[in-house]
Amino acid sequence: MRGNAEAHELIAPGSLGGVLELLAGAPGEWTPIAGGTEIMVAHAAGRLREKKLVSLWGLGELRFIESTVDSIAIGAGTTFRDLRAHAAVQADAPLLAKAATWIGSIANQSRATIGGNLVNGSPAADSSPALLVYDAEVELISVRGKRRIPYSGFHTGYKRNAMTPDELLYAVHVPLRFARHKQYLRKVGTRRAMAISKVALAGTALLNSGAVSEIRLAAASLAPFPARLCKTEAALVGRRVDSSTIREAQEALIDEAKPIDDIRSTAAYRTRVAANLLGEFLNELMPAEAHR
Amino acid sequence: MSEREANSSISLIVNGEQRSVATAPMKRLLDVLREDLHLTGTKEGCGEGECGSCSVRMNGELVNSCLVPVLQAEGATIETVEGLGNAEALHPIQKAFLECGGAQCGICTPGMLMATAQLLVVNPHPTIGEIREGLAGNLCRCTGFKRIIDSVIAAVGEMNAEMDSGMGGAHAG
């Protein structure tokens with residue numbers, strides 16, 4: 001433990017309104033902390049720069065899952081343990097439920113929140129690819145009110161996002177129009193548990209008489225933030241899925257991917273594995289006769 | 001800001017006892033348990049939520065106490081390995097780890113015991129896969145894990161046998 005607890009202020013206003021007032025009164029001065037699974041790691045290592053922290057933990061106003069016929073609203077303070085155990089999430093947003101089981105360990109899942117995962121903005125964030133291929137929206141809140149933006153526009157750069165300094169992430173809205181879509185999500189890491197992804201790929205696709213009528217693809221760790229693979233999608237829309245389509249889509253992905261070399265993997269490996277994952281998903285979409 | 005002003009009074013229930021500490025709110029629950037409350041059963045391994053040595057139960061959930069600023073434990077119910085059992089009255093999980101050789105150097109053991117306790121509260125009849133998942137955040141560098149998994153299986157058998165005999169009594173006649 002190299003961090004000094006006394007060097008940091010931490011307060012808990014006890015209500016969402018109290019937190020928003022604090023943020024509005026001194027924009028940019030306070031850093032929200034939810035389950036602490038990122039911030040406390042930096043703190044222990046002595047590299048936590050933020051001196052003034054405001055706790056979101058325990059705010060019931062941020063911890064909810066509300067399911068309606070056409071969407072699921074997930075409060076930003078919802079833990080991954082809440083998410084993976086929720087029947088509607090399991091049934092209607094299975095990729096998100098699956099991603100929730102990948103986040104660290106049980107002890108991490110009981111503290112880490114979906115809001116923290118998105119605001120932290122890691123390029124490798126586990127919940128992001130699923131949210132992107134479900135066309136999720138994020139709802140932001142401040143004393144000025146609430147606003148909703150597509151999640152695909154939330155990340156604006158490495159560890160940067162579209163929130164203003166007085167805003168908090170309030171909820172994530174997952175539309176439920178993907179029940180008929182083929183869905184895919186796979187993460188490749190060093191080991192099955194407790195490993196940050198080297199690369200992850202998600203997909204939702206709808207086929208109409210053998211041709212792709214709709215497809216969404218998203219990846220973690222192929223860019224400075226989790227993002228859709230729009231050029232790869234474009235190479236697939238309207239096409240029949242056969243081996244030459246798959247090859248062309250993989251080439252589009254290899255061209256579109258902008259991964260980096262870091263301690264977890266290399267750019268070349270990430271690109272290759274992402275192309276293989278895409279091949280795996282597209283093979284599942286291929287009509288039986290095309291496999292012959 | 002002087003140290004005195006920076007301190008908050010934090011109340012929490014630890015192993016069934018109401019405790020209160022005056023401390024910096026960013027102090028880790030792990031350090032409060034060990035330094036302020038002298039409950040040194042909870043160990044620090046990695047200090048970054050990767051190894052699970054510092055696992056405790058907080059409000060019925062397993063957490064890494066190294067990642068909990070103590071202010072967020074205000075009013076919480078905390079269970080540490082000291083609350084599980086003691087040398088005179090071992091918990092069946094502790095007994096199983098002893099009998100099956102689930103502990104060697106001992107640093108990971110309190111965390112393994114608490115992760116097992118959490119698993120068996122949520123799922124009293126886990127499969128091997130569920131045991132592996134329940135303990136996936138707890139690293140051991142001595143045993144190779146086989147004896148730890150064996151210990152959990154033995155604990156499951158022991159605890160379910162206890163429960164069955166209790167229920168057998170209730171349903172007798």
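Okay, start with strand S2 (residues 31–33) of chain A, which pairs with S3(A) in the parallel sense over three bridges. Helices (H or I, at least four residues) and strands (E, at least two) are DSSP runs numbered from the N terminus, and two strands pair if DSSP finds at least two bridges between them. In S3(A), A:Val54 is the bridge partner of A:Pro32. From S2(A) the chain crosses through helix H2 (residues 39–44) of chain A to S3(A), a right-handed β-α-β crossover; that is, with the strands pointing away from you, the path from the first strand over the helix to the second runs clockwise.

Quick housekeeping: this is a predicted model, where local features need pLDDT of at least 70, side-chain atom pairs count only at pLDDT 80 or more, and totals for chains, interfaces and linings use all residues. Residues are numbered from 1 along each chain as its sequence is written, with chains lettered from A and ligands numbered from 1 in the order written.

Back to S3(A): strand S1 (residues 9–11) of chain A also pairs with S3(A), parallel, over three bridges, and A:Glu9 has A:Lys52 as its bridge partner there.

Buried residues make up 52% of the 292 in chain A.

Definitions and conventions: A residue is buried if 20 or more other C-beta atoms lie within 10 Å of its own, exposed if 12 or fewer, and partly exposed in between; C-beta atoms are placed from the backbone.
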